[in-house]
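Biologist: Please take me closely through one part of this model, and give the cut-offs behind each term as you go.

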Amino acid sequence: MNDQLIIFDTTLRDGEQSPGASMTRDEKLRIARQLERMKVDVIEAGFAAASNGDFEAVRAVAEAIKDSRICSLARANENDIRRAGEAIRPAAQSRIHTFIATSPIHMEKKLRMSPDEVVEAAVKAIGWAREYTDDVEFSAEDAGRSEIDFLCRIFEQVIKAGATTINVPDTVGYNIPEQFAATIRTLIERVPNSDKVIWSVHCHNDLGLAVANSLAAVRAGARQVECTINGLGERAGNASLEEVVMAVRTRKDVYQCDTRIDTTHIVPASKLVSGITGFPVQPNKAIVGANAFAHESGIHQDGVLKHRETYEIMRAEDVGWTANKLVMGKHSGRNAFRSRLLELGVVIESEEQLNSAFARFKALADKKHEIFDEDLQALMSDDSSEPKEHFRLVSSAFHSETGESPCARVTLSVGGREEKVESSGSGPVDAAFKAIESIASSGAELLLYSVNAITTGTDAQGEVTVRLSKDGRVVNGQGADTDIIVASAKAYLNALNKLQSNTERLNPQV
């Protein structure tokens, strides 16, 4: 039977639960627009009840996206569901995704509820959700460790109550493919009204089996897979969208279904998510890694040159790999600049924002002769014009000489007031960070410092990721510049500004 596999992307919700991967409203919108261009069926935009910021982000995505269904997560309680319902109200196509734990350990230790109480809460949740949308998904949290008889019971009841999608999550990544496939097959066979819903899976990668478990479930009858770009997600991550999509596309003979994904947008989506979250993609990552279509062995090179399919089962261009495209130069005008940003999924919402972005583009063009799409993406992610910035780099000077201690002199705007300081360190970046900290006094712990060249050439922009931790909160900061030390200072300040916001974020696991 050839039919459609629904792709449910939760990069903006579960992916954001990776420590340090939190996204702003505008960043979520940029990713959502890319997912829409990719023809993702369902976009889980967030958990509306988690915070006012999450509510506004879900609502903004619901207003902006027309061709994908917009979903909000909600626990099985009335407040969560009504917040989700209000957030998705503007969506052209909407869904509420409600969940409650069903494993013995979760019901007893976390929920402190009896099985009867859990079923009752789930059924009530479906009723509340249907006041807002006819498309309601129910997830049994920790289904991978739940008792099959209880799963059959609760699924039968929520389907009767009006659930249209039943999701079976391997919340803690405990299952193995053969076992998980058997679970899905048994549920479809035993639940009396199983033919009235779409069966879905949501697999975590704790044992490195998220994609394998998802694909095994597809063979067993699941017709929705929940996944993320680059496999982003808390702990070891989620099933990788690009791997699931290309496995099904490449092996139609096995899976007997396909997705509607426009795969040429996969690599741009991967780069966008990586740039916004600061989580780099490993070179040997399937589909989207830099080496995914590279051949070093002479035997492989010879074979590919003679006939591509000797060593390549996919075409690089089919998933969006192309040579860096020169799109802009120092003589490019504002209209061309705006048009290219729109093609990249960056929407300019005001003339003030356009003017600020164009000024940064011109400054970059004076430093760098060739400006690529990746440079523009980094430039827009490195928007230093946001009025809410508490810390802003005004000017800097760095000195490093053999035999001498490197030093940094920085001037920061702190809440609108300028402060200057000079500091030394083991290197110019260390000196810059110490200078900034002597003003900010954040007390944050530096967990990660990572540098990546955005494009090739000695004039390439350096993109820096800084991960800071304070009071249990982890944030990523990004900065880009042709001067790597300046990029480092920008990244550190970006992280400090995120810590300064003190946004509380509630992260449920499903």
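Modeller: A crossing is called right-handed if the near helix is turned clockwise from the far one by less than a right angle, and left-handed if anticlockwise. The crossing of α5 and α6 is right-handed. This is a predicted model, in which local features need pLDDT of at least 70 and side-chain atom pairs 80 or more, while totals for chains, interfaces and linings use all residues. Residues are numbered from 1 along each chain as its sequence is written, and side-chain values use heavy atoms, without hydrogens or water.

Helix α5 spans residues 115–129 and helix α6 residues 148–161, helices being DSSP runs of H or I with at least four residues and strands runs of E with at least two, numbered from the N terminus. Their axes, lines fitted to C-alpha atoms over the stretch in contact, come within 9 Å and cross at roughly 25°, on a scale of 0 to 180 degrees between N-to-C directions. The two helices α5 and α6 are therefore roughly parallel to each other, the word used for angles under 35 degrees.

Elsewhere, F358 sits in helix α14, residues 351–367, and is buried at a relative accessible area of 13% (buried is under 20%, exposed over 50%, partly exposed in between, with a 1.4 Å probe and protein chains only). The C-alpha atom of F358 is separated by 33 Å from that of S438, the two residues being 80 apart along the chain. Y449, by contrast, belongs to strand β16 and is partly exposed, with a relative accessible area of 32%.

Terms used: Parallel < 35°, antiparallel > 145°, perpendicular 65-115°, else oblique.
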